[in-house]
Amino acid sequence: MTNIAPSAAAPHALYPLSDGIGSVALIQHVGDDKMITNAARVSFGGDSDAPLTGRDEKLIAYLLKHKHGSPFEHNLITFKVICPIFVDRQLVRHRVGVSKNEVSARYVEVQERDYTPAEFRKQAPSNRQASVEDDGTLDQAAARAAWANASETAFKAYHQLLELGVTREQARGVLPLSLYTESYYTFNVRSLLHFLELRDHEGAQYETRLFARAMAELAEPLFPVTFAAWRALGRH
């Protein structure tokens, strides 16, 4: 059974960073839990249009447990993701089974949309890629001022370069990683679950985890049996 649900206006959007800009919106999806079981059973000529049964649910759990991944690839979920560039770079690393198109600063002038953390964190003492919550020793006001100053300086230089006639593809080079970018990401369920295991993980950056959770929240109602079986395995 195939379900195509387009949503060009993306009415259902989540805002992981709670700033009204960074967002994840469901654009379309194709397929459902029944399609996954049909893809698995076609090997034996057992696919059907019958409603999903308890036997189907057990099959999905079996496939996940024993890592039979290909039946989970015959579907798609498309999100529009608006996130800081540093988050996008952590999302785009996982491209197996994922398609991506991003707004290009070669073609359009960049909007002055810059992410500022609500709370700055400290570097973890024993993990070079991790952070810890501020214990009260970090000067939050000074950190916020330094961030704002850097952003203001970068955007000023960007506009000066454009006014001088410098091409957009070069002028963008002065912009910060905190700049918001926009992309369409299309996953199949196999690639999405793999992505979630890596990016909604305690070792991932906090902001990136928030975007991963938003994707899961939008996708889970579309494939509820699959997500329930996946969570029951404790891989999340």
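Helix α6, residues 189-199, lies across β3, β4 and β7. Its direction is about 130° to β7, residues 180-187. Contact here means heavy atoms within 4.5 Å. Axes are lines fitted to C-alpha atoms, for helices over the stretch in contact, and angles run from 0 to 180 degrees between N-to-C directions. Helices (H or I, at least four residues) and strands (E, at least two) are DSSP runs, numbered from the N terminus.

A word on the model. It is predicted: local features need pLDDT of at least 70, side-chain atom pairs count only at pLDDT 80 or more, and totals for chains, interfaces and linings use all residues. Residues are numbered from 1 along each chain as its sequence is written, and side-chain values use heavy atoms, with hydrogens and water left out.

Next, helix α7, residues 206-219. This helix lies across β1, β2, β3 and β7. It runs at about 150° to β3.

Now the sheet itself. It is open, with five strands in the order β1-β2-β3-β7-β4. The pairing is antiparallel. Two strands pair if DSSP finds at least two bridges between them. Which strands stand at the edges? They are β1 (13-14) and β4 (98-102). Each has a single partner strand, so one side of each is left without a neighbour in the sheet.

Look at β2, residues 23-30, against β3, residues 76-84. They pair in the antiparallel sense over seven bridges. One to pick out: S23 has I82 of β3 as its bridge partner.

On to a helix pair. Helix α1 spans residues 33-41, and helix α2 spans residues 54-65. They pack at an angle of about 70°, with axes 10 Å apart. The two are therefore roughly perpendicular (65 to 115 degrees). From α1, the contact uses D33, K34, I36, T37, A40 and R41. From α2, it uses R55, D56, L59, I60 and L63. By class, that is five nonpolar, one polar and five charged residues. Nonpolar covers Ala, Val, Leu, Ile, Met, Phe, Trp, Tyr, Cys and Pro; charged covers Asp, Glu, Lys and Arg; the others, Gly among them, are polar.

Last, backbone torsions. Most residues other than glycine have a negative phi. S18, not a glycine, has a positive phi of about 55°. It sits in the loop between β1 and β2. Is S18 buried or exposed? Exposed, at 70% relative accessibility. The cut-offs are under 20% relative accessible area for buried and over 50% for exposed, partly exposed in between, with a 1.4 Å probe and protein chains only. K67 also has a positive phi, near 60°. K67 is in the loop between α2 and β3. At 67% relative accessibility, K67 counts as exposed.

Note on methods
Angles under 35 degrees count as roughly parallel, over 145 as roughly antiparallel, 65 to 115 as roughly perpendicular and the rest as oblique.
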